[in-house]
Amino acid sequence: MAKHIAAKVEDIPPGTRVSVEVAGRKVAIFNVDGEYFGLRDACPHMGGLLSEGVVIGLVEANKPGCYNYSRGGEIVRCPWHGWEFDLRTGKSRFDPKRWKTHSYDIEVGDGKEMHAETVDVSTEGDYVIVKF
Amino acid sequence: MTVETIGQASATKPANQKLAIADCDIHPSPKSVEREIFPYLSKRWQDHYQTYGMLLRQPYQAGPAYPKGQPDAARRDAYGPNGEKPGSDLEFMRKHHLDPYNVQLGVLNPLKSGQGLQNPDFAAAYCKAINDWQIAEWTSKEARLKGSVCLPYEDGFLSAQEIERRAGDTNFIQAFMLIRTSEPMGNRRYWPIFSACQDANLPLAVHAFGFGGTPVTGGGWPSYYTEDMVGHSQSAQSLVSSMVLEGVFERWPKLKLIIVEAGFAWAPSLSWRLDRIWAQNRQELPHVKRPPSEYMAEHIWYTTQPFEEPDRRGHLKDVFEWIGWDKLLFATDYPHWDFDDPTRIPLPRATDEQKEGFFLGNARSLYGI
Amino acid sequence: MPYPPVGAIDCDLHPAVPSIKALLPYLDDHWRDMVIQRGVHELDSISYPKNAPISARPDWKPEVGKAGQDLVRLRKEALDGFGTKFAICNCLYGVQLLYTEDMAYAFARAVNDWIATEWLDKEPRLRASIVVSPQNPDYAAAEIDRMAVDKRFVQVLMLVMDEMPLGRRRYWPIYRAAERNGLPVGIHAGSAYRHPVTSVGWPTYYAEDSAAQSQAFQTTLTSLITEGVFAEFPELKVVLLESGFAWLPAHLWRLGKFWRGLRMETPWVDRHPLEIAKDHVRLTIQPYDAPPRPDDLEKLIEHFDSDEMLLFSSDYPHWHYEGNNAIPDGISRALQNKICYDNPLATYPRLKEAVT
């Protein structure tokens with residue numbers, strides 16, 4: 001599995017997301033309270049850019065009329081048809097087995113021995129790194 | 001470790017340039033009513049707008065009682081670069097939609113156009129202003145776009161006047177109503193509309209939504225926006241039943257009806273149902289000379305957005321064949337959230353000719369352009 | 001068109017209350033007095049005008065009185081006629097249409113006692129649905145509990161159009177009582193006429209009212225699923241009676257499409273509506289809105305992706321076909337057997353008990 005520098009840490013403060021193209025792949029990277037998640041930046045339905053979706057929490061019900069809200073900020077809704085995807089897994093909420101988008105491992109590192117053309121890689125500071 | 005190129009993903013996804021399309025449902029909005037619509041409203045109606053707003057047969061001043069799934073029911077990516085309202089900026093619409101999808105004909109269907117207002121005189125004045133605005137801000141500036149004559153449809157007489165005013169004006173290619181009328185659409189109060197459309201050779205498009213004042217199901221008001229949205233299909237079925245069983249197509253044999261954004265897969269079973277009921281109730285319906293399915297096949301077109309998505313495309317192929325490929329019109333509903341991407345809809349297997357007709361040719365021959 | 005196989009189970013036929021007088025012995029003293037004192041008229045719904053073609057097949061129509069009011073004829077024409085093993089009586093006397101819930105409750109009780117005495121006691125092949133007054137769901141639940149003691153009552157009966165869409169929680173005492181007693185809920189065409197039968201106002205022609213019934217079944221099914229009736233009552237089955245069935249697949253595609261994008265609005269809907277319907281919803285076959293060609297009907301049936309949803313019904317004495325030709329062309333022999341026998345037994349636990 002190769003590692004690819006995707007962005008500088010300061011470019012994705014908590015609560016934001018960016019869309020980057022890494023080795024020909026479009027990746028949406030989300031920062032949820034300092035934790036990073038990477039999804040292929042295309043809804044498997046019609047290709048809406050997930051990086052332009054709004055993040056909400058997970059709404060579940062153990063019975064009608066009940067709205068259990070958890071994991072605030074960890075679900076992204078496609079900006080087009082509103083399909084919900086779990087940032088941790090890329091799986092859709094309505095049918096996780098059949099409908100999902102690819103999920104990428106993300107890490108933060110100093111990017112030593114890596115460089116990228118459009119991010120100015122210096123020896124100081126940390127980078128958001130996508131693995132695939 | 002590998003060397004990578006990093007760049008921002010483009011805001012608009014690349015589209016298949018070869019596919020030329022007619023988009024039979026695009027929704028333009030004014031950036032500001034005061035700036036863009038007031039120039040076409042008399043002082044009286046400007047004052048009325050400022051004082052009372054636009055009172056519909058529904059509870060809230062600001063919007064529907066079933067809140068939408070997204071703000072303004074819009075795609076999240078359809079706001080302009082300076083935050084312009086979705087569908088309000090021609091330049092952005094060109095870049096974001098018309099160019100990348102190779103839209104050769106775009107049909108403008110303005111909503112919030114004064115249709116169905118409680119006050120019929122205000123409805124007529126506002127619809128007329130919206131129609132003037134379509135010319136000034138859209139069709140005169142962009143040849144690919146064509147307007148719809150918005151009708152104050154609850155008043156058949158005033159609607160006919162508006163159609164007559166626009167007859168022969170090539171800025172417009174259809175007359176425009178909303179599905180949820182206050183009485184079934186074949187009712188005689190709407191007949192002046194059909195006469196005027198036939199005389200002006202304008203197809204009549206009927207779009208989902210509207211507030212007729214009665215519950216959106218025959219069994220009362222449902223709870224959820226989901227039900228409201230799915231319910232447009234049932235409203236459309238009642239509309240078609242009424243148009244056929246009132247004998248509208250017998251009386252106006254050249255009338256063309258387009259059902260917009262209300263589904264299409266229901267049409268075959270409705271036509272079978274109406275044929276059965278017609279055959280059994282001929283005594284009540286002497287004015288309906290032929291089986292309803294024949295009127296439906298000859299007079300009704302359907303836009304396909306939001307596209308049906310059965311698990312098997314073969315099932316949808318049956319539906320396309322039952323309706324007839326030549327009666328289905330592609331539409332995106334831009335800039336709304338339930339947008340259909342022409343390159344991504346699960347279109348059934350089709351011949352090149354069927355495909356060309358579906359995406360462009362059917363609309364061209366229907367509108368005669 | 002094929003005949004149903006001998007031993008079929010007829011899931012929808014209609015014994016008629018000959019007149020309100022027939023119910024007098026079954027009403028409480030007070031309500032019996034009221035019927036007489038106030039001159040209460042017949043409670044026949046405008047859903048089936050007496051002489052409209054649908055209401056009675058000509059050869060099933062008596063010279064005097066209503067089609068379906070005579071047990072001897074029903075026995076000969078429907079039960080012997082089709083060779084049915086069991087037939088479920090769905091009495092359409094319009095008690096659901098009354099505005100006074102106390103009166104409706106009284107009439108519902110009377111109709112059920114009348115059915116038990118005048119029909120079920122006299123003909124062992126007959127079963128019946130429990131007529132309830134949805135005007136007050138608690139009364140309706142009490143009536144279900146009262147009648148369910150009698151195992152010949154196999155279902156609860158409602159009309160598809162009431163004050164509110166039937167999935168609303170207001171009606172849940174009815175579904176709770178049905179589930180508790182192991183009874184499916186039958187939802188029949190018809191309306192309490194609290195609202196126009198179409199979502200776009202009152203129609204001009206009776207034919208439009210007829211046509212609108214299938215739209216009402218669509219919105220009702222939407223309501224039952226989105227409100228979570230089947231999540232709350234996982235054992236509950238709903239039988240759509242005289243609904244037509246051709247509309248079902250296309251409707252569920254559309255509901256499913258919107259659910260995918262709006263799931264957060266009704267998070268208890270945890271799978272595709274088509275899957276929910278396959279588990280919980282059944283439909284009777286008469287009247288059917290079939291495509292003109294049998295091979296198109298075969299295609300339509302494939303769209304259901306299930307051979308367990310359709311149930312045989314004669315809809316006696318309503319007029320939809322001639323002779324015994326109650327099964328549409330284009331349904332395979334194997335599916336006919338499912339529709340006429342296996343599916344009804346799987347739907348109605350009390351029928352299954354009766355044959356085993």
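Tutor: Two residues are in contact if their C-beta atoms, placed from the backbone, lie within 7 Å. Keep in mind that this model is predicted.

Student: With that cut-off, what share of the contacts in chain B with a separation of 6 or more comes from residues 24 or more positions apart?

Tutor: Such pairs account for 81% of those contacts in chain B. As for burial, 57% of the 369 residues of chain B count as buried.

Student: How many helices and strands does chain B have?

Tutor: Chain B has 12 helices and nine strands. Its radius of gyration is 21 Å, close to the 21 Å from the globule rule for 369 residues, so chain B is as compact as a globular protein of that length. Along the principal axes, the C-alpha atoms of chain B fill a box of roughly 80 × 55 × 45 Å.

Student: How should I read a sheet, and what is the strand order in chain C?

Tutor: Strands of a sheet pair through backbone hydrogen bonds, either parallel or antiparallel. In chain C, an open sheet of eight strands runs S1-S2-S3-S4-S5-S6-S7-S8 with parallel pairing. Strand S1 (9–13) and strand S8 (310–311) of chain C are the edge strands, each pairing on one side only. Strands S2 (residues 86–89) and S3 (residues 126–131) of chain C are joined in the parallel sense over three bridges. Cys89(C) stands opposite Ala128(C) in S3(C).

Student: Which element gives the most to the side of chain B that touches chain C?

Tutor: In total, 57 residues of chain B are in contact with 59 residues of chain C. H7(B) gives the most to the chain B side, with 15 residues. That side divides into 22 nonpolar, 25 polar and 10 charged residues.

Conventions: Residues are numbered from 1 along each chain as its sequence is written. Chains are lettered from A and ligands numbered from 1 in the order in which they are written. This is a predicted model: local features need pLDDT of at least 70, side-chain atom pairs count only at pLDDT 80 or more; totals for chains, interfaces and linings use all residues. Helices (H or I, at least four residues) and strands (E, at least two) are DSSP runs, numbered from the N terminus. The radius of gyration is taken over C-alpha atoms; the globule rule is 2.2 Å times the number of residues to the power 0.38. A residue is buried if 20 or more other C-beta atoms lie within 10 Å of its own, exposed if 12 or fewer, and partly exposed in between; C-beta atoms are placed from the backbone. Two strands pair if DSSP finds at least two bridges between them. Ala, Val, Leu, Ile, Met, Phe, Trp, Tyr, Cys and Pro count as nonpolar, Asp, Glu, Lys and Arg as charged, and the others, Gly among them, as polar.
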